[in-house]
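Keep the model open as you read.

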Amino acid sequence: MNLKHLNYFAVFFLLISWACSSNSKKQVIAEQDKASIEQYRPQYHFTPDSAWMNDPNGMVYYEGEYHLFYQYYPDSTVWGPMHWGHAISTDLVHWEHMPIALYPDSLGYIFSGSAVVDWKNTSGFGTAENPPLIAIFTYHNPEIAEAGGVDVESQGIAYSLDKGRSWTKYDTNPVIPNDGNRDFRDPNVIWNEEIQKWNLVLSAHDHVQIYSSDNLKQWSYESSFGADAGAHGGVWECPDLFPLQVEGTDDTKWVLIVNINPGGPNGGSGTQYFIGDFDGHQFTADSKETSWIDYGRDNYAGVTWSDVPKEDGRRIFLGWMSNWDYAQVVPTEKWRSAMTLPRVLSLAKVNDNYVVKSTPVKEMDLITDRKLPVQNEALEISGERELDLHGINLNQSRLSLEFETSENAPESFGLVFENELGENVKFSYSSVDKQFYFDRNHSGDMGFSDKFAGIDKASYEAYSQIKLEIFVDAASMEIFVDDGELVMTEIFFSTKPFTKLTVFSNGSPLTLTKSEFVDVNSIW
Ligand code: FRU
């Protein structure tokens with residue numbers, strides 16, 4: 001090495017050390033930014049790294065991987081030209097962000113839809129040894145929409161031969177052209193063993209339509225359901241149709257999920273369902289009455305995973321943890337929206353009615369620090385009582401509580417989560433009205449929308465023992481009552497973390513027989 005080389009070496013060394021120090025400065029600044037910007041970022045729910053997200057899409061399990069696609073607009077934190085974002089998990093809890101799977105094209109934006117494994121290669125896109133994954137989605141054509149046309153939406157497909165890493169759109173899309181309904185979207189496909197065909201259900205404004213196919217490319221219209229059933233306070237969107245075994249029996253019933261916006265149980269977006277029978281051609285509901293998957297205001301567009309192995313047997317549901325009433329203006333800056341926790345759906349008969357119950361997937365135990373569950377002694381509650389949190393972080397926690405009421409149930413009782421500024425959310429039950437209430441009227445930042453504040457209600461006939469499983473994650477709370485017989489999912493924007501939990505009982509006392517608190521680890 002001569003002198004000239006040494007000089008080059010010194011300059012190179014100086015440049016490297018300058019770059020390193022400026023990089024570490026940048027990193028410190030990035031960390032600071034993260035702390036301030038990401039105040040409301042959930043730590044154990046799926047969120048996009050940046051930009052806008054709405055509905056979960058194309059949820060399919062294949063070769064050890066749960067795929068989650070989602071409505072995504074990478075260029076802004078508000079809704080825009082829709083892509084399918086993509087993430088993969090091997091355990092439903094930890095997610096790896098993947099490159100965007102589907103981009104808009106000349107036929108339109110890529111709206112919501114589903115994905116299946118075409119095991120028998122009925123589409124011919126793959127081989128029997130390497131079956132294709134098929135995504136079935138809606139094309140939404142913005143030019144036709146702008147011009148006031150009707151045939152704005154049609155259904156298209158795409159396939160992947162490399163475990164969902166890359167996608168090829170079918171060259172003769174659409175596979176289902178518009179039928180004259182301006183709202184004509186969100187196809188959801190299942191393989192129907194009984195008729196040995198594919199069935200597809202989609203939303204057409206105020207009803208769902210059912211189709212069948214041998215090959216996922218040619219579809220025949222079968223029937224419609226719903227124009228005269230269920231809730232009609234808004235447009236029907238994102239349906240899902242699947243069989244569930246009735247708990248404790250050998251009977252199977254079909255569940256039809258239909259999202260609706262507005263017209264949800266507490267305003268804005270909501271997820272209704274019907275129970276009935278399906279023969280591959282026609283869905284017949286046992287009742288035209290609507291039931292709701294979740295009574296909170298922040299669980300929308302939820303549908304279930306396809307192709308979960310038979311040995312596992314679960315029907316796993318995931319929703320978008322927001323509401324179109326205010327989703328685009330919530331006070332997060334780098335990204336908007338999170339998904340709910342994945343939930344197992346089961347069907348039970350309660351007081352002669354079928355109820356779809358939701359419980360968080362058991363994989364949540366992987367991030368729940370059960371080494372040190374904090375267990376309070378049984379407590380008699382009369383008036384108010386602050387609970388000892390034993391140092392757990394209430395803002396990122398999982399709480400299991402059990403209440404027992406005497407014959408004289410208290411008029412009302414519940415829980416208040418509060419921060420040092422007095423901002424709070426309150427969850428309570430009234431034995432007089434037979435309703436649960438979630439009150440976010442004092443929850444902190446609410447100024448972004450006049451539709452956000454409020455007290456949400458859910459009718460419920462409580463037993464003398466009430467079980468609550470509550471997940472708190474930064475700016476969200478999911479409350480599962482009595483093993484998921486009733487669920488409320490709510491978001492809120494308290495400007496400081498919750499540090500205080502109070503139980504109250506008005507009227508007769510009640511006993512808190514169990515209160516077990518654990519920290520939940522971050523998944524990122
Ligand atoms: C539901 C929805 C769907 C549509 C998508 C567009 O939230 O309106 O009906 O496909 O969002 O992003």
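Start with the lining of the second largest pocket: by class, its residues are 14 nonpolar, eight polar and six charged. This is a predicted model. The pocket has a volume of about 700 Å³. In all, 28 residues line the second largest pocket. Nearest its centre lie Y273, S291, N353, Y354 and V355.

Which strands supply at least two residues each to this lining? They are β15 (270-278), β17 (291-292), β21, β22 (353-360) and β32 (486-491). Of the elements, β22 gives the most, with five residues. Now step back to the domains. Domain 1 (51-360) and domain 2 (368-519) both give residues to the lining of the second largest pocket, so this pocket lies between them.

N351 is in the loop between β21 and β22. Its phi is near 45°, a positive value in a residue other than glycine.

Next comes the largest pocket. Its volume is about 990 Å³. There are 31 residues in its lining, and the closest to its centre are W191, P243, V308, K310 and R315. The elements that give two or more residues to this lining are β5, β9, β13 (235-245), β14 (252-261) and β21 (343-350). By class, the lining of the largest pocket has 16 nonpolar, six polar and nine charged residues.

Rolling a probe the size of a water molecule over the atoms shows where empty space is left. How many cavities of 30 Å³ or more does the count give? The count comes to six. The largest cavity has a volume of about 130 Å³. It is lined by 13 residues, and M321, S337, A338, I491 and F493 are the closest to its centre. Nine residues of this lining are nonpolar, four are polar and none is charged. Where does the largest cavity lie? Domain 1 and domain 2 both give residues to its lining, so the largest cavity lies between them.

Now turn to the ligand. The residues around it include N54, D55, Q71, W79, M82 and F111. Also in this shell are S112, R185, D186, E237, Y300 and W324. By class, the shell has five nonpolar, three polar and four charged residues. Three strands, β1 (51-62), β5 (109-117) and β9 (185-192), each supply at least two residues of the shell.

Look at some distances here. A polar side-chain atom of D186 lies 2.6 Å from an oxygen atom of the ligand. For R185, a polar side-chain atom lies 2.7 Å from a ligand oxygen. S112 uses its backbone instead: a backbone N or O atom lies 3.1 Å from an oxygen atom of the ligand. How much of the ligand does the protein bury? Taken alone, the ligand exposes 320 Å², and the protein buries 95% of that.

Finish with two prolines. The peptide bond from N173 to P174 is cis, with omega near 0°. P174 sits in the loop between β8 (168-169) and β9. The peptide bond from N261 to P262 is also cis, with omega near -10°. P262 is in the loop between β14 and β15.

Terms used: Residues are numbered from 1 along each chain as its sequence is written. This is a predicted model: local features need pLDDT of at least 70, side-chain atom pairs count only at pLDDT 80 or more; totals for chains, interfaces and linings use all residues. Side-chain values use heavy atoms; hydrogens and water are left out. On a 1 Å grid over the protein atoms alone, a cavity is a set of points where a 1.4 Å probe fits but cannot get out, and a pocket is an open set with protein on both sides within 12 Å along at least five of seven lines; lining residues have an atom within 4 Å of a point. Grid points are joined across faces, edges and corners, and a volume is the space filled by probe spheres set on the points. Ala, Val, Leu, Ile, Met, Phe, Trp, Tyr, Cys and Pro count as nonpolar, Asp, Glu, Lys and Arg as charged, and the others, Gly among them, as polar. Domain bounds come from an automatic or database domain assignment. A residue is near a molecule or strand if one of its heavy atoms lies within 4 Å of it. A polar contact is a pair of N or O atoms within 3.5 Å; within protein, one must be able to donate a hydrogen and the other to accept it, and residues adjacent in sequence count only if both atoms are side-chain atoms. Accessible areas come from the Shrake-Rupley method with a 1.4 Å probe; for residues, only the protein chains shown count as cover. Helices (H or I, at least four residues) and strands (E, at least two) are DSSP runs, numbered from the N terminus.
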